[in-house]
Amino acid sequence: MQTTLNTVPSKRNFMLKINDMPWREAGLRYHAYGFAMRRRFGQRVQKVSIDAGFTCPNVDGTVAIGGCVFCDNRSYSPSRRVPRTNVTAQIDEGIQNLQRRYRVERFIAYFQPATNTYAPAERLRTLFEEALRHDRVVGLAVGTRPDCVEDDVLELLTELAEQTYVSVEYGMQTMHDRSLAWMNRGCTHAAMIDAVARSRGRGFEISAHIILGLPGESEEEMHATADEVARLGVDAIKLHNLYAVKNTPLADQLASGALTLIDREQYVRMVVDVLERLPADCVVERLSGDAPPDYFVAPNWCLEKAAVQKAIDAEIERRDTWQGRLHRGGARASECIELHPCSKIE
Ligand code: SF4
């Protein structure tokens, strides 16, 4: 049964505007998420996180045991997965918290922890539609694994995307199967290629999460992942460095000295290298990692998000570069537009 949802301009119309590369004219060096959302909704929009009680096929033994090495997946154990409260109550609480920090009136309902398509489509419909009926919610974002999107779930997301903004965020992490095996992701990059192929053209946005600084990955291999993101033609990207939180195999490996993490200078350089390789219309949702300090292990530099952002902006300025400058598809930034000093719209 369909419900009436809050509507936004259709994706087709929006993409035509994006193709004009308005972020360049606004003086930005990359297609920042805040800018893209303001253009789409005409105002600031913030994601409000929802924990619907899902687990993960990488945790319950369906595809792997133990979960990804960086994931504190004990809390995703099937026996412990019950939603904190119902979806509407979580949205209300999340909005209250966000409005203490930001002046924002409209929100994207973000089904975030664990694998948010790991349930029958009818169960997902109930949850997603409850979120979309909230009067402050103008869209839906769903975080998931690329090997966990059945055709009937894609059909549901397609149907919802005909009525409102929908983004599906796939944890791609890297294109290198060696690294995916190291992190115990439980599937190869072929799953991402397949998920994107089956998701494309359905009216919802496709976002890829990428981790820079995976052990043993050379800079050339990180560049190859950026080129692969471009080749896949996803609509958006989230970048962060590999960081460790408590109670994870990664934290144990760090404590034993078995590996070291990327430093800030290299991360900043890699972020800018990636931006240069992305198509100019790919929305950049995030450029750094995030974890509560009391839960965090290392590296300490990534807790200083403002400093990381400042360093990225400075590196972009130093190179006098911009998103898409080295994109192999030829989306070289327009020579006719004078770029102003880098500024990020929040
Ligand atoms: S796929 Fe996501 S939820 Fe599952 S173990 Fe890996 S990081 Fe955790």
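Which residues does Ala131 touch, not counting residues up to four places away in sequence? The legends below answer this and describe further views. Residues are numbered from 1 along each chain as its sequence is written. This is a predicted model, in which local features need pLDDT of at least 70 and side-chain atom pairs count only at pLDDT 80 or more, while totals for chains, interfaces and linings use all residues.

**View 1. Ala131 and the largest nonpolar core.** Leaving out residues up to four places away in sequence, Ala131 touches Ile50, Val87, Ile91, Ala109, Val137 and Leu140; two residues are in contact if their C-beta atoms, placed from the backbone, lie within 7 Å. The largest nonpolar core has 95 residues, and Ala109, Ala131, Leu140, Leu212, Ile237, Val271 and Val284 have the most contacts inside it. Helix α11 gives the most to this core, with 7 residues. A nonpolar core is a set of buried Ala, Val, Leu, Ile, Met, Phe, Trp, Tyr and Cys residues joined through C-beta atoms within 7 Å. A residue is buried if 20 or more other C-beta atoms lie within 10 Å of its own, exposed if 12 or fewer, and partly exposed in between, with C-beta atoms placed from the backbone. Buried residues make up 43% of the 346 residues in the protein. In soluble globular proteins, nonpolar side chains tend to be buried together.

**View 2. The packing of helices α9 and α11.** The protein has 12 helices and 9 strands; helices (H or I, at least four residues) and strands (E, at least two) are DSSP runs, numbered from the N terminus. Helix α9 (residues 219–232) packs against α11 at an angle of about 35°, with the axes 9 Å apart. Axes are lines fitted to C-alpha atoms, for helices over the stretch in contact, and angles run from 0 to 180 degrees between N-to-C directions. From α9, the contact is made by Glu219, Met222, His223, Ala226, Asp227 and Ala230, and from α11 by Met270, Asp273, Val274 and Arg277.

**View 3. Glu265 in helix α11.** Glu265 is located in helix α11 (residues 264–277). Glu265 is exposed because 11 other C-beta atoms lie within 10 Å. The C-alpha atoms of Glu265 and Ala311 are separated by 8.3 Å, although these residues are 46 residues apart along the chain.

View 4. Val297 belongs to strand β9 (residues 296–298) and is partly exposed, with 18 other C-beta atoms within 10 Å. Apart from neighbours within four places in sequence, Val297 is in contact with Ala244, Val245, Lys246, Ala251 and Leu254. A cis peptide bond, with omega about -5°, joins Ala298 and Pro299. Pro299 is placed in the loop between β9 and α12 (305–319).

**View 5. Two residues with positive phi.** Asn247, in the loop between β7 (244–245) and α10 (249–255), has phi near 65°, a positive value in a residue other than glycine. Asn247 is partly exposed, since 14 other C-beta atoms lie within 10 Å. Asp320 is found in the segment after α12, and its phi is near 55°, likewise a positive value in a residue other than glycine. Asp320 counts as exposed, because it has 10 C-beta neighbours inside 10 Å. Most residues other than glycine have a negative phi, and most peptide bonds are trans.
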